[in-house]
Amino acid sequence: MLTPQDIQNIQLIDTEEIAKRLRCGPERVGWYRKAGLLKYRKFGKQCLTTETEYAEFINLTSGMDLSNKLKIRLAGMQIKKAQSFEGHSA
């Protein structure tokens, strides 16, 4: 369970900041989210991601070809399939 101290230390970043860091547009960030590659939570109209979740996304997608929407969707399906397989084998 999160303590008040933990909550104070969580840093949230918005779509614009993620797009800036990845040198892409906000639409592409949405593709990553829709494919399940980038975790987020909605606060009103904003989608926010923690720094930890952003780091997980970077590690998870390292070396992947995410050059277009189709490849992003396929990467998301591969990861979901792998996670499902891990859950069944445990």
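Me: What volume does the largest pocket have?
Reply: About 180 Å³, taking volume as the space filled by probe spheres set on grid points joined across faces, edges and corners. This is a predicted model, where local features need pLDDT of at least 70, side-chain atom pairs count only at pLDDT 80 or more, and totals for chains, interfaces and linings use all residues. Residues are numbered from 1 along each chain as its sequence is written, and side-chain values use heavy atoms, leaving out hydrogens and water.

Me: What makes a residue part of the lining of the largest pocket?
Reply: A pocket is an open set of points on a 1 Å grid where a 1.4 Å probe fits, with protein on both sides within 12 Å along at least five of seven lines, and lining residues have an atom within 4 Å of a point. Trp31, Arg73 and Met77 are among those lining the largest pocket. Helix 5 (69-89) gives the most, six residues; a helix is a DSSP run of H or I, at least four residues.

Me: Why is the Tyr32 and Phe57 pair called tilted?
Reply: Ring centres must lie within 6.5 Å, and planes under 30 degrees apart count as stacked, over 60 as edge-to-face, the rest as tilted. Tyr32 and Phe57 come in at 5.0 Å and 45°, so tilted it is. Tyr32 is in helix 3 and Phe57 in helix 4, so the pair ties together parts 25 residues apart in sequence.

Definitions and conventions
Rings of Phe, Tyr and Trp (its six-membered ring) pair if their centres lie within 6.5 Å; planes under 30 degrees apart count as stacked, over 60 as edge-to-face and the rest as tilted. Helices (H or I, at least four residues) and strands (E, at least two) are DSSP runs, numbered from the N terminus.
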